Structures are given as structure tokens and as C-alpha cells.
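Dear colleague,

Please find below the structure that I am handing over to you. My findings follow directly after it.

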Amino acid sequence: MNKKIDYDEVLNRIGFFMNKANLSARATSLHLGYSEQFMKRIFNKSVELEVSTLLDFIDLVDITPQDFFYLGTSYDKNDKFMLDKFNSLSSESKQIIYDLMNRLK
């Protein structure tokens with residue numbers, strides 16, 4: 001069952017990816033072209049995050065929207081590699097992997 005993503009979860013994921021990229025709120029703000037305090041105001045909810053800013057942030061930390069919304073704080077480069085490889089398989093090969101994973105539980 002997927003957890004519903006609300007605004008607080010979006011902010012949590014931004015913080016997660018900032019930490020992974022070793023970016024402070026100040027550095028993130030400046031890289032995005034805003035004042036030094038911009039990200040702090042986003043996290044304090046005194047400024048609402050715009051979609052275009054979120055997409056710029058996703059580019060900044062070198063991830064995809066799928067990484068941000070689907071993988072979220074479960075993001076791991078090895079998991080992403082495996083997911084990308086899995087997505088390139090034929091339907092028959094995917095079924096073999098499904099069956100194998102079910103047996104490994």
C-alpha cells in the first residue's frame with residue numbers, strides 16, 4: 001500500500017535529497033537562484049513551494065521526478081539501477097523475476 005504524499009512529505013523528501021547531495025538550505029537557495037533564506041522560508045511554510053522550483057531542485061540534486069515521488073527517502077542508487085534494468089526487460093523476463101522474488105520471501 002502506497003503512502004499518500006502530502007506537502008509535509010514533499011518537504012521531508014527535499015530535506016532527504018539535500019542531505020544526500022550535501023547541500024545546506026543556504027546553498028540550495030543560492031543554486032536555485034533565490035535569496036539565502038528561501039529554503040528556510042519553504043521549510044517554515046511561510047512561502048509555498050512552486051512546481052517549477054521543485055523541478056529545478058530535482059535537477060539540482062541530479063534525480064528524476066520518479067526518484068523523488070516514487071522512491072522518495074527509500075532512494076538508493078543500487079535500487080534505482082535494479083529498477084531501471086527491470087523496466088528494460090521483456091514481459092516474460094519480468095514474470096520470471098516476479099516468480100523468483102516471491103520464492104525468496
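**Contacts and overall form**

Of the contacts in the protein chain with a separation of 6 or more, 51% are between residues 24 or more positions apart. Please note that this is a predicted model, and that every value in this message has been computed from it.

The protein chain contains seven helices and zero strands. Read from the N terminus, its elements follow the order α-α-α-α-α-α-α. The C-alpha trace spans about 50 × 25 × 20 Å along the principal axes of the chain. The radius of gyration of the protein chain is 17 Å, whereas a compact globule of 105 residues would have one near 13 Å. Buried residues account for 29% of the 105 residues. The chain exposes about 7,500 Å², and carbon and sulfur atoms supply 51% of that area.

**The largest pocket**

The volume of the largest pocket is about 200 Å³. Its lining consists of Met 82, Leu 83, Lys 85, Phe 86, Leu 89, Ile 97, Tyr 98, Met 101 and Asn 102. Two helices, H6 (77-87) and H7 (91-104), each contribute at least two residues to this lining. Sorted by class, the lining has seven nonpolar residues, one polar residue and one charged residue.

**Gln 66**

Gln 66 belongs to helix H5, which covers residues 65-71. If neighbours within four places in sequence are set aside, Gln 66 is in contact with Leu 71 and Leu 83. Leu 83 is also one of the residues that line the largest pocket. Is Gln 66 buried, exposed or partly exposed? Gln 66 counts as partly exposed because its relative accessible area is 37%, and this class lies between the limits of 20% and 50%. A further distance concerns Asp 6: Gln 66 and Asp 6 are 60 residues apart along the chain, and their C-alpha atoms are separated by 16 Å.

Most residues other than glycine have a negative phi.

- Asn 22 has a positive phi, near 55°, and is a residue other than glycine. Asn 22 sits in the loop between helix H1 (7-20) and helix H2 (25-31). With a relative accessible area of 71%, Asn 22 is exposed, because exposed means over 50%.
- Asp 62 is likewise not a glycine, yet has a positive phi of about 60°. Asp 62 is placed in the loop between helix H4 (51-60) and H5. Its relative accessibility is 66%, so Asp 62 counts as exposed.

**Asn 19**

Asn 19 is part of helix H1. Where does Asn 19 stand in terms of accessibility, buried or exposed? Asn 19 is exposed, because its relative accessible area is 63% and the limit for this class is over 50%. Asn 19 and Thr 64 are 45 residues apart in sequence, and the distance between them in space is 16 Å, C-alpha to C-alpha.

**In brief**

The predicted model has seven helices and zero strands, with a largest pocket of about 200 Å³ to which H6 and H7 each supply at least two lining residues. Asn 22 and Asp 62 are the residues with positive phi described above.

With kind regards

Methods
Residues are numbered from 1 along each chain as its sequence is written. This is a predicted model: local features need pLDDT of at least 70, side-chain atom pairs count only at pLDDT 80 or more; totals for chains, interfaces and linings use all residues. Side-chain values use heavy atoms; hydrogens and water are left out. On a 1 Å grid over the protein atoms alone, a cavity is a set of points where a 1.4 Å probe fits but cannot get out, and a pocket is an open set with protein on both sides within 12 Å along at least five of seven lines; lining residues have an atom within 4 Å of a point. Grid points are joined across faces, edges and corners, and a volume is the space filled by probe spheres set on the points. Helices (H or I, at least four residues) and strands (E, at least two) are DSSP runs, numbered from the N terminus. Ala, Val, Leu, Ile, Met, Phe, Trp, Tyr, Cys and Pro count as nonpolar, Asp, Glu, Lys and Arg as charged, and the others, Gly among them, as polar. The radius of gyration is taken over C-alpha atoms; the globule rule is 2.2 Å times the number of residues to the power 0.38. Buried means under 20% relative accessible area, exposed over 50%, partly exposed in between (1.4 Å probe, protein chains only). Contact means heavy atoms within 4.5 Å. Accessible areas come from the Shrake-Rupley method with a 1.4 Å probe; for residues, only the protein chains shown count as cover.
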